[in-house]
Amino acid sequence: MSLSTFPPFWWTKNIRYALYLIRELTGPLIVGYFIIFLILMTGESLSIWDSEIGEAVAPFLFCTLYGFTIVGFFASLIHSVTWFWATTKASPIPLSKPFQFFLFFSSIFAWIIFSLFVIRALHLYIPLASH
Amino acid sequence: MATNGEKVLMRVTRYTPGEAMQFHKTYELKFYGEMTVLDALNEIKDTQDGTLTYRYSCRMGICGSCGMMVNGKPVLTCQTNIKDVTHPVRVEPLRNFPVIKDLVVDLGDAFEKMRSVMPYMAPVKKRLIEEGEYPQTPAQREKLDQTSQCIKCMLCYSACPVYGMNKNFVGPAAGALAYRYNVDSRDSNDSAQKNKRMDVLSSEKGIWGCSFIGECSTVCPKRVDPAGALQRLKVMGALHLGKKAAQKLIGKE
């Protein structure tokens, strides 16, 4: 019997498939950021970048890190937002649509507040109301 | 968009049993009134090509027999109006299933998966006929209402890339069916059958292949939301595995 199958590049045939693939790709992008970050921090702690080879490689790695920081930031935003939405669907207690939206936006709000707290706690400069 | 009396082209994928490849045949017919894709196929079969083979039954979106790919989307052809689709209209057999002939596919694997989740109740305390029916409150009934609407049309299996690539995945309709029986109050939470069902769902031929693409819920003509049911089953599956591990730890199987 002939098998009617998914075409090659199936994810290009439908916007929702494409969005799904973008969502899945955010994971490796975030991991890529952390790997580059760890390599740079490890190199710095071992003074590898002070050597001749290190001096040649370090600028390339730092540029890659800056690129991954921007891409990784947006990837983590998409990753987190889609995860919060998915958790409202996984509730074992049936939730009404309005309550799912409430839970989703509450999670986003709590996430933003917690993130601001963490950033402040790390003593990074952000424009906050003076105290 | 078609208007009354306008000529419409239908590009239908054909397949002859025993041949290696499918082929396409284009038919021309006149659009009229509220002609659906199924109406067009019937017209082709009646007036142009009696060999065209496809399934249909109720013609009103309740039996689930007439599922096909129309312009790349899995739909019920009796519910898809010709004037609502782009032309020429491409009609193909449902994706992810072996083709028997023309637009008829072998749904055996999907039905086997539905049987594997034990879609029936085995109440712990059986009631005799004289004791009457198993009572259920409206609130209890509402829990299984949505997932009980499934008409087994298998459009969700066609829309699921995971099922397309991994036949071990139990699939959306079977997942929704399993959830329907899991939340039925007439079945005890601790019944041996429910535990067996959860064992099947937690196995390698279970639900874990689902990566929540969500297309199954988008194409479902009865708004069953199988994607939501599968995510809830994942929570149930995780709790079930945790309970089994704990029971093993304390020496109680």
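Which residues of strand β5 in chain B lie on its covered face, and which on its uncovered one? Let me start there. One caution before the answer: this is a predicted model.

So, strand β5 of chain B, residues 89-92. B:Val89 and B:Val91 make up the covered face. B:Arg90 and B:Glu92 make up the uncovered one.

Look at B:Arg11: its bridge partner in β5(B) is B:Arg90.

Next, the interface. How many residues of each chain are in contact between A and B? Chain A brings 20, chain B brings 29. The size of an interface is often given as the accessible area lost when the parts come together. Between chain A and chain B that area is about 2,100 Å². Carbon and sulfur atoms give 61% of it.

What about charge across the interface? The count between the two chains is one salt bridge. It joins the side chains of A:Arg16 and B:Glu215, with N to O at 2.6 Å.

Who supplies the chain A side? Three elements each give at least two residues: β1 (2-4), α1 (15-45) and α2 (52-89) of chain A. The largest share comes from α1(A), with five residues. By class, the chain A side has eleven nonpolar residues, five polar and four charged.

On to salt bridges in general. Over all chains, the whole structure has 14. I will pick out some within chain B.

Take B:Glu34 and B:Lys83. Their side chains meet at 2.7 Å, N to O. The pair links distant parts of the chain, 49 residues apart. B:Glu34 sits in the loop between β2 (23-30) and α1 (37-47) of chain B. B:Lys83 sits in the loop between β4 (73-76) and β5 of chain B. Exposed or buried? B:Glu34 has a relative accessible area of 54%, so it counts as exposed. B:Lys83 is at 26%, so it counts as partly exposed.

Now B:Lys101 and B:Asp102. The closest N and O atoms of this salt bridge are 3.5 Å apart. B:Lys101 is partly exposed, because its relative accessible area is 26%. B:Asp102 is buried, because its relative accessible area is 1%. Both residues also belong to a network of salt bridges. That network links B:Arg14, B:Lys25, B:Asp49, B:Lys101 and B:Asp102.

Last one: B:Arg180 and B:Asp184. Their closest N and O atoms are 2.7 Å apart. Both B:Arg180 and B:Asp184 are buried.

To recap. Between the chains, A:Arg16 and B:Glu215 form the salt bridge. Within chain B, five residues are linked in a salt-bridge network. That is my tour.

Conventions: Residues are numbered from 1 along each chain as its sequence is written. Chains are lettered from A and ligands numbered from 1 in the order in which they are written. This is a predicted model: local features need pLDDT of at least 70, side-chain atom pairs count only at pLDDT 80 or more; totals for chains, interfaces and linings use all residues. Side-chain values use heavy atoms; hydrogens and water are left out. Buried means under 20% relative accessible area, exposed over 50%, partly exposed in between (1.4 Å probe, protein chains only). Helices (H or I, at least four residues) and strands (E, at least two) are DSSP runs, numbered from the N terminus. Two strands pair if DSSP finds at least two bridges between them. Contact means heavy atoms within 4.5 Å. Buried area is the accessible area (1.4 Å probe) that two parts lose on being put together, summed over both. A salt bridge is a side-chain nitrogen of Lys or Arg within 4 Å of a carboxyl oxygen of Asp or Glu. Ala, Val, Leu, Ile, Met, Phe, Trp, Tyr, Cys and Pro count as nonpolar, Asp, Glu, Lys and Arg as charged, and the others, Gly among them, as polar.
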